[in-house]
Amino acid sequence: MQKGSFSLTIPFRIFYLLFLGFGFLCFSQIAGAQAECPVQLSQQRVVVRYGGSVAVNCSTSVSHKGMGWEASEGAVAMTRDSLITWRVSNLTEWEIKPYCYINHKEQCQVELPVIIYKTPDNVSISIVKHRRTMIAGRQYQLQCDVQNVAPVHNLTVKWYKGQTLLNQTTFTEDSKTPVNVNPSVLIRPDRDDDGAQYRCEAELDLGAEGPQYPPNKTSDFLSITVYSKPIINETKLPSKVPVFREYSEEIVCEAEGNPKPTISWILGTNDIVYNEVLTISESTPEYVSCVANNSVGTTTRNFTVFIQDISISTVNHTEPMTAGKQYDLQCSIKYVAPFKIVDVGWYKWNKNNIIETIKTPDILTYTVQICPDKADNGSQFWCEAKLEAEGTQRTSTMKSANLSITVHFKPIINETKLPSVVPVFRGCSKEIVCEAEGNPKPTISWILGTNDIVYNETLTISESTPEYVSCVAENSVGTTTRKVKVFIQVKPIINETKLPSVVPVFRGYSEEIVCEAEGNPKPTISWILGTNDIVYNKALTISESTPEYVSCVAENSVGTTTRKVKVFIQVKPIINETKLPSVVPVFRGYSKEIVCEAEGNPKPTISWILGTNDIVYNEVLTISESTPENVSCVAENSAGKTTRQVKVFIQDISISTVNHTEPMIAGKQYDLQCSIKYVAPFKIVDVGWYKQNKNNITETIKTPDILTYTVQIRPDRADNGSQFWCEAKLEAEGTQRTSTMKSANLSITVHFKPIINENKLPSVVPVFRGYSEEIVCEAEGNPKPTISWILGTNDIVYNEVLTISESTPEYVSCVAENSVGTTTRKVNMVLKEDYLPLIAGLIAVIVAFISVIFIFIYSIYYKTAKMGHYSLKDAKPSAQNGDIAQNGKHSPIPMKKFSQSDILA
C-alpha cells in the first residue's frame, strides 16, 4: 500500500453532513421527549424502611405504544395500560434507581428517587479514655457510638444532660448503605454536675415524605461522678469568734466537697483536733485554723478567738427587796479590743427591756433604777452589751450572768377561790378555802365570832354556820381580811309527773302542758322552743306547728334545771295515689310490680288484700293475668287506717299478614294487620307501625272505636329479614295517664329477581388474537340465582366463569335466573390485533437497508481514495491476519468484520 494524503470526495462529504444533521435532529427529539415525558408519578420521592414495602403508580393520559417500570427489584414489563404500579414488598436494594419509561413518539423515562433508611442497631455513650469519676473544671470528651445506620447524611446525633439539649452533630457523608459513626462532644463539668446523667440520641430526619415522627434511638444514661475541692461555709465560721470568760462555746466548721472532706482544727504546732465541732474557751489559743481536706485538694479557714467579760449587781443593797420601793442595778463590762461598746440593754425574764438602751461607748459601768412589785419575786435580771469590731460591720453581743432578786410583799387573798357570797345546800356541808399569796408566806385564820377563831386555810360550813365569816392572811409586811356571807340555797326541782318526756298531739288540734318546779330562791319558769324563741310562762300550748323538741327551764341563783319534752304529732296514713293509680293494666303472659307508698306518723305498715283470706305484707306487689281483678292496699298506724282500691285488667296485642303466609315478592303490595284486645276503662288513642329501628312506616291512626288496624306495605329487596311490629297508646278515661303496649316482632322474607353486577361484567370485552381471557358473571337475588352463558342457539355453559378467545362468538349473554324471574346481560367480544411483532420486523428491515447503503458508499469511497487498484475477485483471507484479504497482485487489503450489532446500528 502506498502512502497518500487523506481526502474526502464531494459525495461522501454531502452524505456525512446529512448523516450528522439527521443524528442531531434525532438527539434533539429524544432530549425534548425526555424533558417533557408524558407520564406522572403518584409520588415524586419515596422514603422506605429497609425491608419495608413500597408501591408507586406511573400513569399517562396520552396514547402510547407501551410503558413499564425498569428496576433491579419489582420491574414491570412493558404494557399498553395507562396505569402501572412499581411494587416491592421487601425492599433491600440500597442503590436501587427505578424509572418509568414510555414509548410515545420516542421512548422517554422518569426516574423515581428512593431513600432507604435503617435505624441504628445500637446507640451507646461513653467517656473517651477516662473512668466515670471526673474532676470539676477539667475537660472531658464524650463519644456516641451509632451502629449500622443509613442514610448517614440524614442523621443527627443530639447530646442531652438530663432533659437539656447540649449539642447536635450532623453528617455530610453521602452514603446510602449502613455505616457506623462515632461523633464526640467536649464537656467541662462543675461541682453541681455530680450525679448528672448524659445520653445521646440518633435521629433520622427524612423530610416530608418520611414518617410523621422522625425515627430515633436513644442510648442508656451515662451517670458521672464529679470530684471537687472542699468549700468551707464562712457564714457559720466567721473570721473572729468571741467567748465569755468562764464559759465555753461550740463552733462548727462545715465544708462541701466530693469526696466528702475530712475536717480538722489546728490549735498549735502539734495540737490537731479531728472533728467538725470545736469547743473553745478562754484557754483556747488566740489563732485557730479549720482545715477541710479530700483527694482533690485542701481548704483552710483562719479565725481569731477573743475573751469578753460582763457582770450585774445591786448598788448598796444586799437584803431582800420590798415591793413598791426603788433600787439601783449596776452593769460592769470588761472591754476587749478590738471591739467597742455601741449598745447596752437591761433585761428581765423574757428579754424585754426594762429601760431604753444606752449607747455610751466610753463608759464601762452602767446603772438603772427599778421599782419591783410582787410579780418580780424571783425574777432574773441581766445586762447585754453589743460590741462592734472596728473597721467592719460585724457585731457581737456579750451577756452577763443572771441576777435573781427576792421581793417581800403584803398578803393577797385569792377572791376567785373565795367569793364574797358562798351558797350551801340545806342539809349538806361544804368546804371553803382561803388561799393567800405573800412573801414571806402568810398565816391563815377564820373569825366566826367574837372569840371563835379557826387557824386553817380550809373551813367547813353548813346551815348552822354564822351568816358572816372572815378570812385573815398575815405576814411580816402586813395583814389582809376577806368577809364572806354564807347563803343556804336549793336548786330547782321540776315535777316530772306533771310533765312527761313525750307528749302526743293530733294533727289539727292543740293541747296545753304545764311545767312546775320547787327551789330556793323560788325558780323562774321558761320554755325554749328554738334558738331565739323563749316563752316565759308555766303553761305552754302545743300543736302541729310546735317544734319537735321543747325544753322547760327552771332557774334560780343556785342553778338551772332543764326538762326536755318531745312533741309527737300523730298523722293518719296518706297513700301516694300518683304512684298507685286506681286502674293498672298488665300484658297477658307478663308480670308487673306495683308499689303502695304511704306517709304518716308513726310510720304506717303496708299490706295488700287480694281476697277474703289472702293478705300480703309488703309495699311491692307483683301482678299478672292470674291476679284478682280487684285488690286493695291498706296503710295503718296508731292514728288510723287508709285503704286504696286498685283494678287490674289484662291487655293483648298481635301483628300478622292478611291472607298471606308465603315469602313476599319485592315490589308487590301486602297488608299487615294489628289486632288489639280492648280492655275498659282504657281507650285506644294512637296506633303506630314500626320497622327495624322504630321508624313509623305510615302515619299513626287515631281510631278509638276499631280494634283491628291494617297498613299496606310494598317491600323491596332491602327488606328481606326486616322486623315489623305495631304499638298502641292507651289512655285511662278521665285522667291524663297513658300506657303503651307493643306486639311481638313479625319477620318477613322477601324474594327478588336476580341483579347482575355490571361493574364486574362490562358490556364490551376486548380480546387479543392468539390469547384467551376469563370473564365472570356475578348476580344477587333471593332465592340465590343460577348462572349460565348463551354462546349460540344450542351452546349453553352453566358456570359463573367463561373463558373467551378469538373463536368465541361476537355476542354472548349471561343469564341469571331464580323463582322470581330472569335477568340477561349481553356482552360484545371485540377482537384486537397484536401489532408488536409486525413493528419489530419492520424496524429490523429498515436497519438492514440503511446498513447495506452505508457499506456500499463506504466501499466506493475506499476504492477511489487509494493510489493502487484492488480487486475483490478471488480474494482470500491472509494466513497471518484473519482481517486481511489478498488478491495476489498487491498488498493485503484491510477488512473489518462487522458484528450483528454493528449492522443493526
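**Ground rules.** Residues count from 1 along each chain as its sequence is written, and side-chain values use heavy atoms, with hydrogens and water left out. Since I'm reading a prediction, local features need pLDDT of at least 70 and side-chain atom pairs count only at pLDDT 80 or more, while totals for chains, interfaces and linings use all residues.

**The sheet.** I looked up an open sheet of 5 strands, which runs E71-E78-E77-E74-E75 with mixed pairing. Strands (E, at least two residues) and helices (H or I, at least four) are DSSP runs numbered from the N terminus, and two strands pair if DSSP finds at least two bridges between them. Which strands stand at the edges? They are E71 (764–768) and E75 (796–797); each has a single partner strand, so one side of each is left without a neighbour in the sheet. I then followed E71 to E78 (residues 822–832): the two pair in the parallel sense over 5 bridges. Valine 765 has methionine 829 of E78 as its bridge partner.

**Rings.** My search of the whole structure turned up 7 aromatic pairs. For the rings of phenylalanine 854 and tyrosine 858, the centres are 6.5 Å apart and the planes at 15°, so I noted this pair as stacked. The cut-offs: rings of Phe, Tyr and Trp (its six-membered ring) pair if their centres lie within 6.5 Å, and planes under 30 degrees apart count as stacked, over 60 as edge-to-face and the rest as tilted. Both residues sit in helix H2 (residues 836–865), 4 residues apart, about one turn of the helix. Ring pairs also bring Tyr861 into a cluster with Phe854 and Tyr858.

Buried, exposed or partly exposed, I wondered about phenylalanine 854? It is partly exposed at 39% relative accessible area, and tyrosine 858 is partly exposed too, at 40%. (Buried means under 20%, exposed over 50%, partly exposed in between, with a 1.4 Å probe and protein chains only.)

**Cores.** The largest nonpolar core holds 31 residues, and Leu142, Val146 and Trp159 are among those with the most contacts inside it. Such a core is a set of buried Ala, Val, Leu, Ile, Met, Phe, Trp, Tyr and Cys residues joined through side-chain atoms within 4.5 Å. Elements giving it two or more residues include strand E13 (155–161) and strand E12 (140–149); E12 supplies the largest share, 5 residues. I also logged a second, separate core of 24 residues, including Val46 and Trp94.
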